[in-house]
Amino acid sequence: ALVPLLTQTLNSQQSTRQLLLDRQFKDLHIPKTLGGFTFTVEKAYADSNRIIVGMTTTKPQNHPYDDAHFLYSTMKTQDGQILPMMNEEGLLDKGTETSVYSFDASNIQGSFDELRVAMTLDTLSVLQLNSVLPQEANGTTPQTYMVKGSLTFYFSVPFHHGRILDTPQSETAGGRTITLAKVIVSPSETQVFIQGIDVKKEGAFFIGTLSVEGHDYSVTNLSL
């Protein structure tokens, strides 16, 4: 029941739900094992904004675990470019688990139809139910233990080029000039890059609305 649970995870977000409906994900099914757990990259999708990877987890037989996740995750392209991780979503149901990783592809350049990447997951953290494990010197609780090691998944995925506006536009208000530096529109999402204010330093915030063909859309994520 792992793949249906992954479908449920992908359906939990509007953007990935639409990609799933449009059959844009490439089926991969690449399994690797660490600490008795089997992690399988099931599906992947790539465009000018995001690389999205869907993974399932199978636990060891009779293992009373509640959650197993990696502390570090990185992705690198065939040219050695490192893609920052954006977020991870997941579902846990009766000992089965799925994860959806998103990596930032906004700085990928070039004209190509397929992208080759390597996704590395490092240091497995396992929360175990009814655990009687002793307290570890590194501070892990009796309910949690770590599995050292890493897994690297190599795969290629069709790359969907988005529409990119990179001609800066500036507006001045309240003595401050704000520049719309770049906009990337792709099937997975729209990213807007703004320059001219240090949000962290100055304590300011934005309330944004994107209007497209007469329809207004609220900003769902602000990365600082």
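These questions and answers cover a pocket and the aromatic contacts of a predicted model.

Student: What is the volume of the second largest pocket?
Tutor: Its lining includes S48, F159, H161 and D166. K182 is also among the lining residues. The volume of the second largest pocket is about 180 Å³.

Student: How many polar residues are in the lining of the second largest pocket?
Tutor: Three lining residues are nonpolar and two are charged. Gly counts as polar here, and the lining includes G110 and G162. The number of polar residues is seven.

Student: Over which ring does the charged end of K182 sit?
Tutor: K182 lines the second largest pocket. Its charged end lies 5.0 Å from the ring centre. The ring is that of F193.

Student: How many aromatic pairs does a search of the whole structure find?
Tutor: Ring pairs link F37, F39 and F70 into a cluster. The search of the whole structure gives five.

Student: F25 and Y45 form an aromatic pair; how far apart in sequence are the parts tied together?
Tutor: The pair is tilted, at 6.0 Å centre to centre and 55° between the planes. F25 is in the loop between α2 and β1, and Y45 is in strand β2, so the parts tied together are apart in sequence by 20 residues.

Student: Is the aromatic pair of Y101 and F103 stacked or edge-to-face?
Tutor: Y101 and F103 are both buried. Their centres are 6.5 Å apart, with 20° between the planes. Planes under 30 degrees apart count as stacked, so the pair is stacked.

Note on methods:
Residues are numbered from 1 along each chain as its sequence is written. This is a predicted model: local features need pLDDT of at least 70, side-chain atom pairs count only at pLDDT 80 or more; totals for chains, interfaces and linings use all residues. Side-chain values use heavy atoms; hydrogens and water are left out. On a 1 Å grid over the protein atoms alone, a cavity is a set of points where a 1.4 Å probe fits but cannot get out, and a pocket is an open set with protein on both sides within 12 Å along at least five of seven lines; lining residues have an atom within 4 Å of a point. Grid points are joined across faces, edges and corners, and a volume is the space filled by probe spheres set on the points. Rings of Phe, Tyr and Trp (its six-membered ring) pair if their centres lie within 6.5 Å; planes under 30 degrees apart count as stacked, over 60 as edge-to-face and the rest as tilted. Helices (H or I, at least four residues) and strands (E, at least two) are DSSP runs, numbered from the N terminus. Buried means under 20% relative accessible area, exposed over 50%, partly exposed in between (1.4 Å probe, protein chains only). A charge sits over a ring if NZ of Lys or CZ of Arg is within 6 Å of the ring centre and within 35 degrees of the ring normal.
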